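Please keep the sequence and the 3D view open while reading.

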Number of protein chains: 2
Amino acid sequence: MGRWEPNARERLERAALELFVERGYDSTTAAEIAERAGLAKSSFFRHFTDKREVLFGGQDVLNRLFADAIAGAPDGATPIQALGAALEAMADVFTADRHAWAHQRQAIVTSHDDLRERELLKLAALSGRMADALRERGVPDPAASLAAELGCLAFRNAYARWADPANEQGFADLARRELDDLRAATATLT
Amino acid sequence: MGRWEPNARERLERAALELFVERGYDSTTAAEIAERAGLAKSSFFRHFTDKREVLFGGQDVLNRLFADAIAGAPDGATPIQALGAALEAMADVFTADRHAWAHQRQAIVTSHDDLRERELLKLAALSGRMADALRERGVPDPAASLAAELGCLAFRNAYARWADPANEQGFADLARRELDDLRAATATLT
């Protein structure tokens, strides 16, 4: 098998999730994931540093999409409006055909302490990227950090609702509602 | 040496920090920390699960103090007022005689990726405890989660300022100002 492996990342992600569901996360090895994906073990480590990373592979893309969407919001947009634009842009990633994958992934992550920890760290990184993007728009601190935490909460809540197996709503609608609820909540804090 | 070891935790914490500063965090072992503290190696593992935990030993106490102070705030207090009371209660922990320790600890934590990650996880746990305590006061979601993130930001910022070697202000004053700044920032988000 040559180094040209079309969609290797996606194939590895899909194979990993199949095996995690069939055999359990703890009993699955990187070699088995590569085998199921029809790739060599070395391919696995070209794309992911370890087994855990298969579940968090899209994080860099997600962070960049968020930062770009915040940067691209209209000049006069408030921090919350810029976050709203960014959350709606995520609907391009969290599409209906990713729904079953997201649900299975979520079930595995929430049932393992080390995966939950990694998820928290990834969310902290996302929040940091959002705060940086807001600062670049001229939002001062601590408003930039606070808005980023609010945006991160909206994202977490919207993602959890979207990944729920019973959910039939699109990500953009869910995210808009979460952000509206959080915006309304800011008025009740003081 | 018997099992009665007065102030063993504090002695281990102090010895660890001395050694981390002298030899570097990576080159210091748990056995060396115990030796410097005048205790057996087994004592170390009675008090801490690993070397990293020596730097995060007070976290459970801190979480409980925060939760108790939020619970104990006056009935009519807004979420921000309850958080303010909790932050001021931390002045009992972050006293002037802990200042040099906090500064050295901060320098070690910020220069090691795995320690920074552990700090983020501890802060996420603190935020979770604060949100629970606010819910128990009847604060609905998502206001409880949002207020907890705001309280956590105020705590992080106040702690960083307090632990700065040049700082001469008390923790309560610093925390009050951070919280005031964040309260004012909420109005600028929308």
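## Helix α5 of chain B and its partners

In this predicted model, α5(B) and α9(B) pack with their axes 9 Å apart, at an angle of about 160°. That angle makes α5(B) roughly antiparallel to α9(B), because an angle over 145 degrees counts as such. The crossing of α5(B) past α9(B) is right-handed. On the α5(B) side, the contact is made by I80(B), L83(B), G84(B), L87(B) and E88(B). On the α9(B) side, A172(B), A175(B), R176(B), L179(B) and R183(B) take part. Sorted by class, this contact of α5(B) with α9(B) has 6 nonpolar, 1 polar and 3 charged residues.

Helix α5(B) also meets α8(B): their axes come within 10 Å and cross at roughly 35°. Here too α5(B) passes its partner, α8(B), in a right-handed crossing. From α5(B), the residues in this contact are P79(B), I80(B), L83(B), A86(B) and L87(B). From α8(B) they are A143(B), A147(B), G151(B), A154(B), F155(B) and A158(B). The contact of α5(B) with α8(B) has 10 nonpolar residues, 1 polar residue and no charged residues.

## Helices α8 and α9 of chain A

How are two packed helices described? The description uses the angle between their axes and the distance between the axes. For α8 (residues 143-163) and α9 (residues 171-186) of chain A, the axes come within 8 Å and cross at roughly 135°. This makes α8(A) oblique to α9(A). The crossing of α8(A) past α9(A) is right-handed.

Which residues of α8(A) meet α9(A)? They are L150(A), L153(A), A154(A), N157(A), A158(A), R161(A) and W162(A). By class, the contact of α8(A) with α9(A) has 10 nonpolar, 1 polar and 2 charged residues.

## Buried residues of α5 in chain A

Helix α5 of chain A runs over residues 79-89. Its buried residues are P79(A), I80(A), A82(A), L83(A), G84(A), A86(A) and L87(A). What covers them includes α4 (59-71), α7 (113-136), α8 and α9 of chain A.

## Chain A as a whole

Chain A has 9 helices and 0 strands, and its pattern along the sequence is α-α-α-α-α-α-α-α-α. The C-alpha trace of chain A spans about 55 × 35 × 30 Å along its principal axes. Chain A has 190 residues, of which 35% count as buried.

Contacts in chain A can also be sorted by sequence separation. Among those with a separation of 6 or more, 60% are between residues 24 or more positions apart.

## Two single residues

E136(A) lies in helix α7 of chain A. Is E136(A) buried or exposed? E136(A) counts as exposed because it has 12 C-beta neighbours inside 10 Å, and a residue with 12 or fewer is classed that way. E136(A) and A67(A) are 69 residues apart along the chain, and their C-alpha atoms are separated by 9.9 Å.

R52(B) sits in the loop between α3 (41-47) and α4 (59-71) of chain B. R52(B) has 15 C-beta neighbours inside 10 Å, so it counts as partly exposed. Apart from its neighbours within four places in sequence, R52(B) is in contact with D114(B), L115(B) and R118(B). R52(B) and L12(B) are 40 residues apart in sequence, and their C-alpha atoms are 12 Å apart in space.

## The contact between the chains

How many residues does each chain bring to the contact between the chains? Chain A gives 24 residues and chain B gives 24 residues. In chain B, α5 (79-89), α7 (113-136), α8 (143-163) and α9 (171-186) each supply at least two residues of the side that touches chain A. The largest share of that side, 8 residues, comes from α8(B). By class, the side of chain B that touches chain A has 14 nonpolar, 6 polar and 4 charged residues.

The same surface serves both copies, since 100% of the contact residues of chain B recur in chain A.

Key: Residues numbered from 1 in each chain as written. Chains lettered and ligands numbered in written order. Predicted model: local features only at pLDDT ≥ 70, side-chain atom pairs only at ≥ 80, totals over all residues. Contact = placed C-beta atoms within 7 Å. Helix = DSSP H or I, 4+ residues; strand = E, 2+ residues; numbered from the N terminus. Nonpolar A, V, L, I, M, F, W, Y, C, P; charged D, E, K, R; others polar. Axes fitted to C-alpha atoms, helices over the stretch in contact; angles between N-to-C directions. Parallel < 35°, antiparallel > 145°, perpendicular 65-115°, else oblique. Left-handed = near helix turned anticlockwise from the far one by under 90°. Buried ≥ 20, exposed ≤ 12 C-beta atoms within 10 Å, placed from the backbone.
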